[in-house]
Amino acid sequence: MMHFADSLTFSGRKVVAAWAALPFPAFPGSSLPDILSAHQQDVPWKLLSSWREQKVSCCFAQSVVLRGICKEKPASCPGQPWSPQHSCESPEQVLQQYFHTQFPGAFSTSHVLQQPCNTQPPFPQFFSPLLTRRGFLLDKAQGYSSAGVESIPVLAALQSCPALHSLLSGLCRALRARNVRRCSSFFTAGVEHDDFQEALEELKTLSQCYETGFGADGSEDEADSD
């Protein structure tokens with residue numbers, strides 16, 4: 001995983017964020033271009049970190065894997081608006097076209113696997129009743145419980161993106177707010193106070209590598225300019 005993350009980082013960046021759509025928001029019989037056309041304003045996956053919710057507005061590099069969506073090119077549903085993705089010949093091309101539209105200039109790789117994610121026991125059964133047994137979305141709940149979900153389509157992504165600036169700078173501020181001198185066990189474990197302060201400076205420098213120079217990132221950094 002470390003070497004994989006290295007392949008997505010450059011310009012001093014060392015960290016990537018994990019995102020996922022679990023399940024991937026697909027209706028039975030819908031094509032991948034139709035699904036993505038419904039998410040032109042906001043991508044259909046969420047940040048997995050415990051940090052506050054972040055929207056994916058731009059991206060430096062990413063690697064995405066989609067499972068459980070048929071690899072054959074299906075016909076578009078009648079009435080669906082046309083998009084550049086509908087002219088693509090394969091799901092991989094559909095994803096690449098979508099990424100080109102959402103994240104222009106970003107380095108993106110994509111892989112599509114036909115096999116869905118198996119969710120039979122002992123997988124946690126926390127699914128909405130608005131899912132079929134194969135994990136596709138429904139307009140209304142069916143008669144069986146969510147425990148009947150046997151598999152789901154999933155999209156997972158690793159991204160080097162500006163959202164990591166807020167996450168890393170927030171972590172740095174949280175650590176600085178603590179009086180670590182009161183944590184005797186922390187330093188008895190072999191960590192020197194000067195080493196700790198140096199690590200905080202390195203963390204702040206790392207967070208600045210994810211700044212884009214506009215938007216909320218600048219205001220976040222001003223609060224951390226002590």
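**Backbone features and helix packing in a predicted model**

At 56% relative accessibility, Ser11 lies above the 50% limit and therefore counts as exposed. Ser11 is located in the loop that links helix H1 (2-6) and E1. The phi angle of Ser11 is near 60°, a positive value in a residue other than glycine. Most residues other than glycine have a negative phi, and most peptide bonds are trans. The structure described here is a predicted model.

The bond from Leu22 to Pro23 is cis, and its omega is near 5°. Pro23 belongs to the loop between strand E1 (17-21) and helix H2 (32-37). Pro121 and Pro122 are likewise joined by a cis peptide bond, for which omega is about 15°. Pro122 is part of the loop between strand E5 (117-118) and strand E6 (151-152).

The chain as a whole contains seven helices and seven strands. Read from the N terminus, these elements follow the order α-β-α-β-β-α-β-β-β-β-α-α-α-α. Of the 226 residues in the chain, 41% are buried. When contacts between residues at least 6 apart in sequence are considered, 73% join residues at least 24 apart.

The packing of two helices was then examined. Two packed helices are described by the angle between their axes and the distance between the axes. For helix H4 (residues 163-177) and helix H6 (residues 193-208), the angle is about 160° and the axes are 8 Å apart. Because angles over 145 degrees count as roughly antiparallel, H4 and H6 are placed in that class. The crossing of H4 and H6 is left-handed.

On the side of H4, the contact is formed by His165, Leu168, Ser169, Leu171, Cys172, Leu175 and Arg176. These residues meet Phe196, Leu200, Glu201, Leu203, Lys204, Leu206, Ser207 and Gln208 in H6. By residue class, the contact of H4 with H6 comprises eight nonpolar, four polar and three charged residues.

A polar atom of the His165 side chain lies 2.9 Å from the backbone oxygen of Ser207.

Technical notes: Residues numbered from 1 in each chain as written. Predicted model: local features only at pLDDT ≥ 70, side-chain atom pairs only at ≥ 80, totals over all residues. Heavy atoms only, no water. Axes fitted to C-alpha atoms, helices over the stretch in contact; angles between N-to-C directions. Helix = DSSP H or I, 4+ residues; strand = E, 2+ residues; numbered from the N terminus. Parallel < 35°, antiparallel > 145°, perpendicular 65-115°, else oblique. Left-handed = near helix turned anticlockwise from the far one by under 90°. Contact = heavy atoms within 4.5 Å. Nonpolar A, V, L, I, M, F, W, Y, C, P; charged D, E, K, R; others polar. Polar contact = N/O pair within 3.5 Å; in protein donor to acceptor, adjacent residues only side chain to side chain. Buried < 20%, exposed > 50% of the residue type's maximum accessible area, 1.4 Å probe, protein only.
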